[in-house]
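Please look through the sequence and the structure shown here, and then read the notes that follow beside them.

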Amino acid sequence: MGFNMRERVRRAGHEVIGYDRNPEVSDSESLADMVSKLEAPRTVWVMVPAGEITRATVKELKELLEPGDLVIDGGNSKFTDDQIHAELLAEKEIGYLDCGVSGGVWGLENGYALMVGGDAKHVEQAQPIFDALRPEGPREEGFAHAGKVGAGHYSKMVHNGIEYGLMQAYAEGFELLDKTDVVDNVPAVITAWQRGTVVRSWLLDLLVRALESDPELDDLRGYVEDSGEGRWTVEEGINNAVPLPVISAALFARFQSRQEDSPAMRAVAALRNQFGGHSVHLAGPSSGSGSTQV
């Protein structure tokens, strides 16, 4: 994603010097080498995995940059890290912005939606870069100065929480269509939703694209990771007493996808059998995946 962002900014006429651990895509040998090739005042965009890698990168940049330079964290960092980074860099009069970025692998051609947190003077300093990255059209439809430091990543966190819910709803609809013997052509139905319906979206378009190459989605395992933002969104719902039943359920569904045999559902089956004599499926003696109904 960072590689594509570099290319999009270059297409807008800006000079970009990148550093990556992979020398095949890097323009410099190290962070220090990269900084030495940039003219002050520098704008350094950090696009690495959230957590310790980002924290270590910001600390190293503090030692390399000069007063008046600007650091933008465009990764999916937790918003609580942003104030720490801003205060650390401010000790050397280096500016800091946090920027939530949405666009994925399609952003090079389509542009990226940007949600930025930080001081207005720093946003103005980096605005030409934001304008190069955002989609064509009115600025407000692809860019927002969301508020103070942390607001950009907080906004992206909520964005991704909503994404969890939307993806889960499409997935459950697909499963029901696929399960019934009433509907014969599931891909055709979902494709027909792309125009004129209230459920049309880019995510729906991507589902159609996936079904074109694998109509039953049989080539995939139903194992889904979560990158952290869904968890953080649910945590913030708890902290602010905001009910998030859809987003929470979508997150828990991802947890369930990683269980080959859910202990919780085994307990439910046992309880139904105990209080009502309902039938249960017994695990096979060899593989544990076979069953016998009693």
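The protein is divided into domain 1 (1–147) and domain 2 (157–258), with bounds that come from an automatic or database domain assignment. Seven residues from domain 1 and nine residues from domain 2 take part in the contact, where contact means heavy atoms within 4.5 Å. The C-alpha centres of the two domains lie 30 Å apart.

Between domain 1 and domain 2 an area of about 730 Å² is buried, and carbon and sulfur atoms give 66% of this area; buried area is the accessible area (1.4 Å probe) that two parts lose on being put together, summed over both. The rule finds one salt bridge across this interface, a salt bridge being a side-chain nitrogen of Lys or Arg within 4 Å of a carboxyl oxygen of Asp or Glu. The side chains of Lys78 and Glu235 meet in a salt bridge, at 3.3 Å from N to O.

## How the model is to be read

This is a predicted model, in which local features need pLDDT of at least 70 and side-chain atom pairs count only at pLDDT 80 or more, while totals for chains, interfaces and linings use all residues. Residues are numbered from 1 along each chain as its sequence is written, and side-chain values use heavy atoms, with hydrogens and water left out.

## A nonpolar patch

Val105, Trp106 and Trp202 make a nonpolar surface patch of about 330 Å². Such patches are made of residues with over 30% relative accessible area and no salt bridge, nonpolar side chains (Val, Leu, Ile, Met, Phe, Trp, Tyr) being joined within 5 Å and like charges within 9 Å; accessible areas come from the Shrake-Rupley method with a 1.4 Å probe, and for residues only the protein chains shown count as cover.

Val105 is placed in the loop between strand E3 (95–102) and helix H5 (107–110), where helices (H or I, at least four residues) and strands (E, at least two) are DSSP runs numbered from the N terminus. Val105 counts as exposed because its relative accessibility is 66%; exposed means over 50% relative accessible area, buried under 20%, and partly exposed in between (1.4 Å probe, protein chains only).

## Backbone details in the loops

Most residues other than glycine have a negative phi, and most peptide bonds are trans. Ala40 and Pro41, however, are joined by a cis peptide bond with omega about -5 degrees, and Pro41 is in the loop between helix H2 (31–36) and strand E1 (43–46).

Leu217, which is not a glycine, has a positive phi near 55 degrees, and this residue is in the loop between helix H9 (202–213) and helix H10 (229–239). Ala241, also not a glycine, has a positive phi of about 55 degrees and is found in the loop between H10 and helix H11 (245–257). Leu217 counts as partly exposed because its relative accessibility is 22%, whereas Ala241, at 68%, counts as exposed.
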